[in-house]
Amino acid sequence: EEDLCGGRLFTFRWEGDRMVRAWMPSGHRPDAEELPCLWMQDGQNIFRDEVAFGGVSWGAAGTVAHLTDVGTIPRIAVIAMDHAGAQRPFDYLPKPPGDWGG
């Protein structure tokens, strides 16, 4: 858990080495506020330069915080799941290869 762009970034391990990263806006209390979620793929690239491919993140937390501050979007949570490394292409398929019945 860490501060990031005025909110909090939480990181959880999921399915082996894959991580799920969840950014919540400043002051969010789960017992008092339900938030819509923006789900993003390639989670390692979303928030932190240190773990992003090429060393530059997409800056999602800063963008969402700014758009919320200026009233363009409502308060939201950003949930990002890391891709599966060498198996990344399979993240985008509706079924595993060979199971398509054709």
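Let's start with Ala65, which sits in helix 1, the run covering residues 60–69. Keep in mind that this is a predicted model. Ala65 counts as buried because its relative accessible area is 15%, and the cut-off for that label is under 20%.

What does Ala65 touch, once residues up to four places away in sequence are set aside? The answer is Cys5 and Trp23. There's also a C-alpha distance to look at: Ala65 and Arg75 are ten residues apart along the chain, and their C-alpha atoms are 8.2 Å from each other.

## The sheet and the helix on it

Five of them make an open sheet with mixed pairing, in the order 1-2-3-5-4. Strand 1 (2–4) and strand 4 (37–41) are the edge strands, each pairing on one side only. On average, neighbouring strands of this sheet are turned by 25° against each other, ignoring direction.

Helix 1 packs on this sheet and touches strand 1, strand 3, strand 4 and strand 5. Its direction makes about 20° with that of strand 3.

For Glu2, the bridge partner in strand 2 is Leu9.

## Salt bridges

Side chains of opposite charge can pair when their charged atoms come close. Here the count is eight salt bridges. One of them links the side chains of Arg21 and Asp82, with an N to O distance of 2.8 Å. Arg21 belongs to strand 3 (residues 18–24) and Asp82 to the segment after strand 5 (77–81), so this pair ties together parts that are 61 residues apart in sequence.

Are Arg21 and Asp82 buried or exposed? Arg21 is buried, at a relative accessible area of 11%, and Asp82 is buried too, at 7%.

Asp31 is a contrasting case: with a relative accessible area of 65%, this residue is exposed. Its side chain meets that of Arg29 in a salt bridge of 3.3 Å, N to O. Then there's the salt bridge between Glu50 and Arg48, where the closest N and O atoms are 3.3 Å apart. Glu50 counts as exposed at 60% relative accessibility, while Arg48 is partly exposed at 26%.

Key: Residues are numbered from 1 along each chain as its sequence is written. This is a predicted model: local features need pLDDT of at least 70, side-chain atom pairs count only at pLDDT 80 or more; totals for chains, interfaces and linings use all residues. Side-chain values use heavy atoms; hydrogens and water are left out. Helices (H or I, at least four residues) and strands (E, at least two) are DSSP runs, numbered from the N terminus. Buried means under 20% relative accessible area, exposed over 50%, partly exposed in between (1.4 Å probe, protein chains only). Contact means heavy atoms within 4.5 Å. A salt bridge is a side-chain nitrogen of Lys or Arg within 4 Å of a carboxyl oxygen of Asp or Glu. Two strands pair if DSSP finds at least two bridges between them. Axes are lines fitted to C-alpha atoms, for helices over the stretch in contact, and angles run from 0 to 180 degrees between N-to-C directions.
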